[in-house]
Amino acid sequence: YEIGSGLVGSEMCIRDRRVPDPSVIRAKDGYFYLYATQTKTYWMPVYRSKDLVNWEYQGTAFNKATEPDLPGGGAFWAPEIRFLNGKYVLYYSWAKMNGADISYTAVAVGDTPMGPFPDSKELIGNKEFGSNCIDQFYYEEDGKKYMFFGSFKGIYVTELEDDGLTVKLGNDGKPTCLLYTSPSPRDRSLS
């Protein structure tokens with residue numbers, strides 16, 4: 001898709017609300033949808049555009065009825081939207097940091113780009129992978145689906161089942177970590 005020529009970068013932004021960590025998809029209805037991190041006011045704001053320049057606020061991915069029932073408080077951010085098997089799949093990070101070090105990547109499924117996205121569930125969590133199960137990135141190649149995730153304490157990748165909603169388990173019944181990169185010794189001074 002080509003964005004019109006002659007535009008200045010600052011003309012191609014949403015100015016009336018904060019939209020950190022954006023994820024964009026072109027939906028079946030021909031519109032582009034942008035999802036952003038939760039703010040104090042908006043539960044994952046969603047915008048729509050025909051041209052990737054002019055965006056209209058549509059509402060939020062979650063509302064009181066579909067609010068994720070996630071344990072322990074915290075916040076969710078870094079949404080990533082995909083269209084898999086005829087459904088809109090919304091991945092996002094949830095964490096309670098500042099010493100609690102509880103985090104995971106969650107997933108919810110909807111029939112339209114605006115959802116609703118009920119029944120959020122944990123996809124990748126501390127129990128299986130340790131801390132820092134945030135900032136996910138979905139990747140697909142040769143018919144296989146993968147999820148990259150992590151941040152301050154290393155980067156991981158694991159394979160997902162064909163539905164993209166479940167981590168593929170190894171012969172031992174545990175999730176398989178295909179890649180783990182630990183922080184360099186230089187980075188240890190940052191923690």
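Q: What do E5 and E6 form, and how many residues lie between them?
A: E5 and E6 form a hairpin, with two residues between them. Asn85, in the turn, has a positive phi of about 50°. Strands here (E, at least two residues) are DSSP runs, numbered from the N terminus.

Q: Before we continue, where do these values come from?
A: This is a predicted model, in which local features need pLDDT of at least 70 and side-chain atom pairs count only at pLDDT 80 or more, while totals for chains, interfaces and linings use all residues. Residues are numbered from 1 along each chain as its sequence is written, and side-chain values use heavy atoms, with hydrogens and water left out.

Q: How many bridges join E5 to E6?
A: Eight bridges join E5 to E6, and the two strands run antiparallel. Two strands count as paired if DSSP finds at least two bridges between them. Within this pairing, Phe76 stands opposite Trp94 in E6.

Q: What is the order of the strands in the open sheet?
A: The order is E5-E6-E7-E8, with antiparallel pairing in this open sheet of four strands. E5 and strand E8 (121-125) stand at the edges with a single partner strand each, so one side of each has no neighbour in the sheet. E6 pairs with strand E7 (residues 102-110) over nine bridges, in the antiparallel sense. In that pairing, Ser93 stands opposite Thr105 in E7.

Q: Why is E5 described as largely enclosed?
A: Seven of the ten residues of E5 are buried, so the rest of the structure largely encloses this strand. Buried means under 20% relative accessible area, exposed means over 50%, and partly exposed lies in between (1.4 Å probe, protein chains only).

Q: Changing topic, how many aromatic pairs does the structure hold?
A: The structure holds nine aromatic pairs. Rings of Phe, Tyr and Trp (its six-membered ring) pair if their centres lie within 6.5 Å; planes under 30 degrees apart count as stacked, over 60 as edge-to-face and the rest as tilted. Tyr47 and Tyr57 have ring centres 5.5 Å apart and planes at 65°, so this pair is edge-to-face. Tyr47 belongs to strand E3 (residues 45-49) and Tyr57 to strand E4 (residues 56-60), ten residues apart.

Q: Are Tyr47 and Tyr57 buried or partly exposed?
A: Tyr47 is buried, with a relative accessible area of 1%. Tyr57, at 28% relative accessibility, is partly exposed.

Q: And what about Phe76 and Tyr92?
A: Their ring centres are 5.4 Å apart and their planes lie at 55°, so the pair is tilted. Phe76 is in strand E5 (residues 75-84) and Tyr92 in strand E6 (residues 87-96), 16 residues apart. Phe76 is buried at 5% relative accessibility, and Tyr92 is buried at 0%. Phe62 forms one aromatic cluster with Phe76 and Tyr92.

Q: Which residue lies over the face of Tyr31?
A: Lys50 does, at 4.3 Å from the ring centre. A charge sits over a ring if NZ of Lys or CZ of Arg is within 6 Å of the ring centre and within 35 degrees of the ring normal. The charged end of Arg82 likewise sits over the ring of Phe137, 5.9 Å from its centre.

Q: Finally, how many residues does the largest nonpolar core have?
A: The largest nonpolar core has 18 residues, and Tyr35, Ala61, Phe62, Leu90 and Phe117 have the most contacts inside it. Such a core is a set of buried Ala, Val, Leu, Ile, Met, Phe, Trp, Tyr and Cys residues joined through side-chain atoms within 4.5 Å. E6 supplies the largest share of this core, four residues.
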